[in-house]
Amino acid sequence: MGNIKILQGSMYGSRALVALLFLSSSVTYGQVEPLTSPQKTHKIAGDVLLGAMPALALGSTFIWKDGQKGTYQFSKALAGTIALTYGLKLVINKERPNGENNNSFPSGHTSVAFASAAFVQKRYGWEYGIPAYLLAGYVGYTRIEANKHDGVDVLAGAAIGVGMSYLFTQKYDGEKKLVISSGFIENTPTIGLTYKF
């Protein structure tokens, strides 16, 4: 019975995340000046990654069979990132480089991408975090290339995303397959390898 309630709660949380992502992308979508073909390509890639990166981060909790804990941590990090980002956009009211509106600071695409990357890195390690950070960095680049943000907007978005994920995310404590140990037996250094099947 308790598992059904947890599952229902996670479904509502997932729906809320999808709604937040839709709202964040619809608020920032639109272009005043025409873009060159390469700029359009980068902009589209950044827009696709805006949805794909959180989906991959959330999906990672199912790949590792992380249970509800990882999903809940990512949901809090993403919700906090979006709330802080759009709160600052309203308060600071900085004009975009293309003159489209006054929602330039900080970059929402970048904050969401870096929140996703930081979650993956902190929860599951640098092995998975480095590719995620490279994708997040590319998202920031696309925002500058599309003339939606300047470097300060992108850096602020990255800092918000990483900060929120570090605030809410804990390292995954799942069972490790390979354990390395060291010690001494009669003053002789030893290294032990244990693999669990």
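Contact here means heavy atoms within 4.5 Å. Keep that in mind as you click around, and remember that this is a predicted model.

**Stop one: Lys-94**

Select Lys-94, which sits in the loop between helix 3 (67–92) and helix 4 (108–124). Leaving aside residues up to four places away in sequence, Lys-94 touches Asn-101, Asn-102, Asn-103, Ser-104, Phe-105, Asp-150 and Asp-153. Now show the side chains of Lys-94 and Asp-150: a polar contact of 2.7 Å joins them. Asp-153 is worth a click too, as it lies 59 residues from Lys-94 in sequence but 9.4 Å away in space, C-alpha to C-alpha. How exposed is Lys-94? Its relative accessible area is 25%, so it counts as partly exposed.

Most residues other than glycine have a negative phi, and most peptide bonds are trans.

Stay in the loop between helix 3 and helix 4 and pick Asn-93. Its phi is positive, about 60 degrees, although Asn-93 is not a glycine. Asn-93 is partly exposed, with 44% relative accessible area.

Next, move along to Pro-106, in the loop between helix 3 and helix 4. Which kind of peptide bond joins Phe-105 and Pro-106? It's a cis bond, with omega at about -10 degrees.

Then jump to Asn-147, in the loop between helix 5 and helix 6 (151–168). Asn-147 has a positive phi as well, near 65 degrees, and is a residue other than glycine. At 22% relative accessibility, Asn-147 is partly exposed.

**Stop three: helix 2 against helix 5**

Colour helix 2 (residues 37–63) and helix 5 (residues 126–145), and turn the view until you can see both. They pack with their axes 8 Å apart, at an angle of about 135 degrees. That angle makes helix 2 oblique to helix 5, and their crossing is left-handed.

To see who does the touching, show side chains on both helices. From helix 2, the contact includes Gln-39, His-42, Lys-43, Leu-49 and Met-53. From helix 5, look for Leu-135, Tyr-138, Val-139, Tyr-141 and Arg-143, among others. Colour the contact of helix 2 with helix 5 by class and you'll get nine nonpolar, four polar and four charged residues.

**Last stop: Gly-51**

While you're on helix 2, select Gly-51. Is Gly-51 buried or partly exposed? With a relative accessibility of 34%, Gly-51 is partly exposed.

Notes: Residues are numbered from 1 along each chain as its sequence is written. This is a predicted model: local features need pLDDT of at least 70, side-chain atom pairs count only at pLDDT 80 or more; totals for chains, interfaces and linings use all residues. Side-chain values use heavy atoms; hydrogens and water are left out. Axes are lines fitted to C-alpha atoms, for helices over the stretch in contact, and angles run from 0 to 180 degrees between N-to-C directions. Helices (H or I, at least four residues) and strands (E, at least two) are DSSP runs, numbered from the N terminus. Angles under 35 degrees count as roughly parallel, over 145 as roughly antiparallel, 65 to 115 as roughly perpendicular and the rest as oblique. A crossing is left-handed if the near helix is turned anticlockwise from the far one by less than a right angle, and right-handed if clockwise. Ala, Val, Leu, Ile, Met, Phe, Trp, Tyr, Cys and Pro count as nonpolar, Asp, Glu, Lys and Arg as charged, and the others, Gly among them, as polar. Buried means under 20% relative accessible area, exposed over 50%, partly exposed in between (1.4 Å probe, protein chains only). A polar contact is a pair of N or O atoms within 3.5 Å; within protein, one must be able to donate a hydrogen and the other to accept it, and residues adjacent in sequence count only if both atoms are side-chain atoms.
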